[in-house]
Structure formats: structure tokens, C-alpha cells
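Here's a quick briefing to read alongside the structure. Have a look at the model, then work through the notes by topic.

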Amino acid sequence: MIRSDECAQYREWLPWYAAGTLPDTERAAVEQHLHSCDACTRELATWQTFGAGVSEAGQAIEPAPPLHASWELLSARLTPVPDIAVSPAQTQNAHGASPALHRLRWFWLVLWGQTRLLRPAMWVASAVAIALAALCSALLSRATGQSASASDLLVFALPLISSTGVSFLYGPENDPGLELGRATPTTARAVLLSRFALLFSFNAGLALLATLALMLWQGASFWTLASLWLGPMALLSALSLCLSLVFGPTISVGAISLFWLANSVRAGNGIHWEPGLLVSGWNTALLLILAVLGLFAAVFLSSRQERLRAGASNASSELPIDATTSLAASVHLLSADISDNQHGKGSRMKQSVALGGVIRYEFFMQIRRISLWVVSVLLGALSLIQFTDPHTFTHDANMLVTRGNIVVIEAAGAAGFFWLGAGLLLAGRSRRDYTTRMDEILGTTPATMLTRLFGKYIGSVLATFIPMILIYLIGVTLLALNWHDFSIFPLAMVALAAVAIPAVLFVGAFSIACTTFIWPPLYMFLFIGYYLWDSLDPKGPIPTLDGTVLSPSGRLIMTGIFHFTPFRTTDLTYYPQTSIWGGVANIVALLAAGAIALLAAWGLETWRARRR
Amino acid sequence: MPPDERALLAQIATGDQHAMKCLYALYRQRLWSYLYHQLAGDAGWTEEVTQDVFLAVWRSADTYRGEAQVGTWLFRIAHNLAANARRTRRRHPLGQPFQTADDGDEPAEPVVTYDSHEEAVLDRLMLQQALDHLSPRHREVLDLAFYQGFGSAEIALILGVPEGTVKSRISYARKALSACLQQLNAREGVVEEEVQ
């Protein structure tokens, strides 16, 4: 039967008529229409059938748990609420205080609670880092007599210190009590904001003190100095809060430090850092407004809580994947064990097979991390900036700029980004077996502690190299296309191998060794400080490793093995000329220092295992 | 005489647990049955979300401004929490699979002609089966209208959509139900043929 248009309105009313919720006037109209329309009557019958089915289904369900028992459960969850979460208006009578006072008291409770929840290491690390930055800039200004270079250092370091701390404020990785905290009536937003306020005001307070000290020391204008770092500090901190909420602390620290380095480092000349665009071009008010916008974004993200909610289960969901992989690793190791016994070979052979298994396992565990790829792509974008336009190098007329020299400095520049990234990405790999509770399973394999540590080191360093080398190849190809000269490839690869491999092995060994006893975020914090320290002017007033055999920047390798000469006479101080043996000594010293660090970590772990 | 629900909420807002218990006793069964169908018939999950609903009521009783009936307000909270719970579990499945396509309002099913099968659709068991196959969105609107007894305006408040959307959604739900029944009928027919 064809539905006529005049029925359309009635049809819309029919379900509500059948359910008995249609208003009276419409009900009367429907009843009148039904007398004269068979189609609608049938339609109503269908609705009534369906309605009866639905209400039958509503009754035919599993019974709810007994009311009393479930009320007990619920009321246990209600108890703590009136004290904190009910709005001031309601508790006004109970407490006899005004709403404003109550709100104040609530803020105070939350702030005080969060003070105790933040890790003490965070306060100590921030204070030490700021004190060091202030000390360095004071020394620098005394030695050079230029207040500008001293304030440059301060302006560079303060925002970075604050934003690194902020990255570790919140989230399942950093807050063992997060699960518990989420069950309290304090919202994630309140927790996030109060933590941010605490750490930021702590840092800003210390930074103000440092500025004040510097002002007394060298007589610079207080406000001029403060306005240089305040805006960037706020903006970077807000940005890192957002990034850490979405991607986690590692990516946040990596991305923010790279962003800030890129902003401050002159391309193609990795050692001169100076306040970049953000400081010179934009004023403090604008930066502060942007920072507030960033905070709003963070609050929005925290209310969505996608990653945070997922975070708790991520930790557990990582387990099964790891468990299967490592089970595969164990099976591999065990089968090596059996076949070895059959062939009657010694334990040395067995360990070498086991090492292969561990390396393979650690390689795959590292290469599937999203943070590895994100940080590498960011690093790559930065180092590619260098490659795209080699003509930007400024040079003296009396210095020789050869293509070979450019290739070497590109390789060294890329290596500098490599070891910064590798140091950050390898931190915490040794802690991981404990956090994922894999250590007991791994302990049952025939691989010894030393094999596992060494295999972890080799496997994860290799995985970290993969994306970096891909990016480097893109850069070299760009350079070759630019020059129409593909003969630079061998030199480019050799230079990268000579400069980057020892540096990454050196830094990676420390990242893996040190995080066996240092909380990884704290290590990252210290590591960035180390990176900055290493890039200080070696002829400056602050002693630095740069230019010595123990520096991963590899300047001795560049001058000794590749006969590198800088493009400006002023840069000669950065590149101590040495023989080929100086370069080799640099490589050997780095590898030896890395090996010592690993052996020390092995000793520590064995001692710990024995105590257990 | 039933206690005044608005007065109950006002008392809850001051932290009165006894008032909370009254409200709990009044509404728990209705919410349980609504959430049970919304959460794939998982009793444990239903109890969990039911408790969350009342916890949310406890926390935000002071934000209730009396614009809607208390029941409507409660169901609106339940609707939101159930949607959240489904979303979370779909992303992080914890055990039993939960597969419900949360289709939109568009009739994805072929539009069926009305008279062909409706007279034959009186098998109640099959109707129950078909209801279980509906998406939560379609199931919800039927539940609210026919079991919980809400009118279209109230359902619009609960779901947070315009009233017109509720009206079209209930008609899509009916089409989906008819299509489901048709499929079940067809399957049954095939089985019978095979048996013969």
C-alpha cells in the first residue's frame, strides 16, 4: 500500500501514541485519523508489537545485585566527597565559612596535596640546574666582561630547564599514584594546573633570584634580563605540558629541546648558540598570551584524557606483546642451549648465541617505539635544514672551503644531533625490564647478566641508528643533487661512521648504564645539561670537555682524521689541530669510557642480584 | 506518598547520604535495566556504570537547576556515561568481544516494504533476538520510549539532540528492527529447508 502524504504527520506520532506519551490534543487527532485509515492502523499494530517486545525485554534481564550490597559499595565511594569536591555554596553552612574562603581552602588543599605527590628529584634537579646556569653565566660574564653573552646563556637555559621539568609532571609514566589520584574527586584538570603552577612558580622564583644575583653582579637592568627569559619559559613550559599529555615525556623533552636548539643555534655552525627568533622578535606579552593558550589546550587535552586513560592500560598492554616477544627470545635462547649441549660445546659458544638472541630482541623492542621515530624525524628536520643550503656558510677569504670540508662538518653536525637523540632515547632501556616485569623471565634464560646488558646495549643502539641514518642519507642526497656530484657519498659515510658511531656508542653506554641507578627523567635532565656543557666554548672561562679526547662532538676526529679546517678564522679555537693519532685517540677514549660505564653497571647489577 | 525528587537532590547537594540512598532506591532498577541493554548485557559492567552514574549525581547535584525532571537528568547522565564506557572499551577491549556498529541515523539497511512481512512477525522470541542485534543507539531510543516511558521531548533532552532527530531516529530504529527480523526469518527459512 502506498503511504499518502497526509498520513505522514500521523505516522510520526504513532510510536508515541503506542507508548502512551503523546500529548492529549495530538492523541485525539490520531484516534480520529485511525478510524478512517487502515494503513495507519496496521502501522500502529506493528508499533504496539514492537513496544510490547521492548518492554518485555526490559523486564527479562539479569537481576541487579541486591540493593543493600550495592549501596554499601556506593556509599563507601561517597564518603570523602563533601570535604573537598562539593561546591562552596553547599558546604557553606557545614563549615560556617564564606564561599570565597572555602574555595581558597580547597585550592590550598589541592596545592599542598600535589606538593607532596611530585617527586623530590624534580625540585632538586630544577634547583641544581638553575643554580648551575646562573653560576656559569656569572663566570662567563666575569671572564668575557660582556654581560650579553652571560644573559644569552641564562635565556637559553632557563626555559629549557623549566620545560623539561614540566614534561614529567603528569601521566602514568611519572606518577605511580595516578590510578589512585584518578579515583579521588579532584579532577585531572585541577591536578594538572596545580602541579604546573607549583613547578612553574618554583622555577620562575629561582630564575628571578638568579637574575637578581646576576644584576647585582654585573649591574644589568633587572627587568631587561627577566623579560628575556620569562616569555619563552612560560611558552615552552606550556608547550611541553601539551606534548607530554599527548605523546609522553620522552617525545616532549626531545621535541622541545630540539625546537629550542633550532631556535637558538645558527645553522651549519653547531657551536654558536644565541637567543633566536623567539626572544629577539617577539615581546613578552605575546609569548605569555601564547603560553596561556597552550595551558588551555593542555586542560582540554587532560579532560579528554585519551592518552592518560589509555596510559594505565598501555603499561599493561605492553606486557603481553613484550611477553610474547621475549618468550620467543627465551625459546630461541633455550633452543640454543639444547643444541649446544648436544654438540658438547663450551659455555663461551652458548653465550655468543644467546647474545645474538638478546640483540635481536632488544633491537625490535627499540625500533617499534613511536618516540624513536618522532624524535628522529624532528632531529632529521633540523639537520636537513643544514643540508639544504650549503652556501649559507660564512667564511673568510683566506680560509679554504672545500666540498670535503663541508661534507665533514655536515656529518659532524648530524652526529651532534644523533648523539643528543640517542642519549635521550636510550635512557630508561635498562629500567624497562623491571617496569614491564620481564626481568624474572629473562633471568631464566641461559644468557648471563653481562650478555643481557651488552646485548641490550648493542641491540637498542643499532635500532636507534636506523632512522637516523635514513635521514642522513636524505641529507647527503640533497647535497649531492645540489652539487651534481655523487662522489661525496663515500666520504660522507666514512665521516659519519668515524664521528657518529663512537659518539653514539659512548653516550648510549652511559644512558643505559646510568639509568640502572638514576630515575630516567632525571638522567635525561642531566644529559641535556651535559650536552649544553659540552657545547660551551672550550676557550671560555668554564672548563669543558669539548675539544678533548673525551668529547663526543669529535672535533679531534674531524681535524685529525679528515684534516678539517673551519671556514672562519675565529672558529679555529674550536678545532684544535691534531695528528691522525689524536683522532684515533678520541675514538678509542670514547669507546673505552663507554665500555667502563657498561662494566660498572654490570658490577652494580650483579651486586644487586646477589643481595636479592 | 513518593518523596519529592527535587527536594532529594537539593539535600544530596548538601552532602546528605540518606537522601542519596532514597534516590538510589528510587532509580537504580530503572537505570540498571537501561544500562544493561546499552552495555551488551554485561551485568558486571552495568553495575559499574550504574554506580558511576550515582557517583556523578553525588558530585554534581549542585549543578542541577531544575530545568528538566530529575529522571530525565539522571538518564542524561547515564546516557553519557554509557557512551563513554562503550568508547573506552572499544578502544581497549578487556576480554569478551563487544561488537556493535554504532551506526548513524542513516538507514544503512535496505528500506523494507512494510506490508510484506509484518503480519508474520509475531514470534516473540525472534523479536527479542532482533532487539539484541540493534545498535545501542537504536536500542536506546526504543527502550526510552517504550520501557522507560519517556516522551519525545524528554528523550531529546536525555540524548542531547533536537526533538526532530529523536522522531526520525525512532523510525530508523523501527526500520532496522524490521530488517533484522527479515534477516532472521530468512535464516530460519534456510535452516528449515536444510532440515527437510
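Two residues are in contact if their C-beta atoms, placed from the backbone, lie within 7 Å. In chain A, take the contacts between residues at least 6 apart in sequence: 78% of them join residues at least 24 apart. Keep in mind that this is a predicted model, in which local features need pLDDT of at least 70, side-chain atom pairs count only at pLDDT 80 or more, and totals for chains, interfaces and linings use all residues. Residues are numbered from 1 along each chain as its sequence is written, while chains are lettered from A and ligands numbered from 1 in the order in which they are written.

**Chain A overall**

- Chain A has 26 helices and zero strands; helices (H or I, at least four residues) and strands (E, at least two) are DSSP runs, numbered from the N terminus.
- Of the 612 residues in chain A, 42% are buried, a label that takes 20 or more other C-beta atoms within 10 Å of a residue's own, with 12 or fewer counting as exposed and anything in between as partly exposed (C-beta atoms placed from the backbone).

**Confidence in chain A**

- The mean pLDDT (the predictor's confidence in each residue, from 0 to 100) of chain A is 76, and 75% of its residues reach 70 or more.
- Residues 81-96 of chain A stay under 50 in pLDDT, and the model gives them 30 contacts beyond four places in sequence.
- Residues 309-324 of chain A also stay under 50, with 14 contacts beyond four places in sequence.

**Trp108(A)**

- Trp108(A) sits in helix H7 (residues 99-117) of chain A.
- Is Trp108(A) buried or exposed? Trp108(A) is exposed, because it has 11 other C-beta atoms within 10 Å.
- Ser194(A) is 86 residues away from Trp108(A) in sequence, yet their C-alpha atoms are 9.6 Å apart in space.

**H19 and H22 in chain A**

- The axes of H19(A) (residues 403-426) and H22(A) (residues 449-483) come within 10 Å and cross at roughly 155°, which makes the two helices roughly antiparallel.
- Axes here are lines fitted to C-alpha atoms, for helices over the stretch in contact, and angles run from 0 to 180 degrees between N-to-C directions.
- Angles under 35 degrees count as roughly parallel, over 145 as roughly antiparallel, 65 to 115 as roughly perpendicular and the rest as oblique.
- By class, the H19(A)–H22(A) contact has ten nonpolar, four polar and two charged residues; Ala, Val, Leu, Ile, Met, Phe, Trp, Tyr, Cys and Pro count as nonpolar, Asp, Glu, Lys and Arg as charged, and the others, Gly among them, as polar.

**H2 and its partners in chain B**

- H1(B) (residues 5-13) and H2(B) (residues 17-38) have axes that come within 8 Å and cross at roughly 140°, and are therefore oblique to each other.
- The crossing of H1(B) and H2(B) is left-handed.
- Leu8(B), Gln11(B) and Ile12(B) of H1(B) meet Ala19(B), Met20(B), Cys22(B) and Leu23(B) of H2(B), a contact of six nonpolar, one polar and no charged residues.
- The axes of H2(B) and H6(B) (residues 136-147) come within 9 Å and cross at roughly 155°, so these helices are roughly antiparallel.
- H2(B) and H6(B) cross in a right-handed way, with Tyr34(B) and His37(B) of H2(B) and Arg139(B) and Asp143(B) of H6(B) among the contact residues.
- This H2(B)–H6(B) contact has three nonpolar, three polar and three charged residues.

Terms used
Left-handed = near helix turned anticlockwise from the far one by under 90°.
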